[in-house]
Amino acid sequence: MFDFDDYIVRKHLRIRKDKNEVIFLCYEMHTTKTEYEILKSIALSRKKQLLAKDISAKLGGKISEKNVVNHICKINSKAKELGGRKLIKNIPQKGYFFNEEM
């Protein structure tokens with residue numbers, strides 16, 4: 001049974017809190033564990049934007065800043081397949097944030 005309390009909700013994005021499950025525009029987006037953790041860290045952040053180093057730190061330093069960037073590119077590629085647009089945008093030197101047009 002679907003329970004909204006089990007999800008982090010941002011507009012047309014739902015991220016399951018305790019399990020690698022991401023729903024974007026009512027479609028399941030298949031993500032790796034790292035991609036899921038990146039999405040979850042951005043969704044739970046109190047900051048408007050997160051630098052790659054901030055995301056890396058939130059993931060316990062398990063992946064480098066460069067790998068964060070690569071994973072975000074993969075997330076955006078998957079989002080484009082589902083909805084025709086990027087899910088995560090970036091402002092250089094300010095950070096990554098969810099696309100308001102999602």
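Residues are numbered from 1 along each chain as its sequence is written, and side-chain values use heavy atoms, with hydrogens and water left out. Because the model is predicted, local features need pLDDT of at least 70 and side-chain atom pairs count only at pLDDT 80 or more, whereas totals for chains, interfaces and linings use all residues.

The protein chain holds three helices and six strands, where helices (H or I, at least four residues) and strands (E, at least two) are DSSP runs numbered from the N terminus. Read from the N terminus on, these elements follow the order β-β-β-β-α-α-α-β-β. The radius of gyration, taken over C-alpha atoms, is 13 Å, close to the 13 Å that the globule rule (2.2 Å times the number of residues to the power 0.38) gives for 102 residues, so the protein chain is as compact as a globular protein of that length. Along the principal axes, its C-alpha atoms fill a box of roughly 40 × 30 × 25 Å.

Of the 102 residues, 41% count as buried; buried means under 20% relative accessible area, exposed over 50%, and partly exposed in between, with a 1.4 Å probe and protein chains only. In soluble globular proteins, nonpolar side chains tend to be buried together. Here the largest nonpolar core has 25 residues, and those with the most contacts inside it are Ile 38, Leu 39, Ile 55, Leu 87, Ile 88 and Phe 98; such a core is a set of buried Ala, Val, Leu, Ile, Met, Phe, Trp, Tyr and Cys residues joined through side-chain atoms within 4.5 Å. At least two residues of this core come from each of strand 2 (13-16), strand 3 (22-24), helix 1 (33-44), helix 2 (52-58), helix 3 (65-83) and strand 6 (95-98), and helix 1 gives the largest share, five residues.

Lys 89, in turn, lies in strand 5 (residues 88-91) and counts as partly exposed, at 30% relative accessibility. Not counting residues up to four places away in sequence, Lys 89 touches Gly 95, Tyr 96, Phe 97, Asn 99 and Glu 101, while its C-alpha atom is separated by 12 Å from that of Ser 77, twelve residues apart along the chain.

Notes. Contact = heavy atoms within 4.5 Å.
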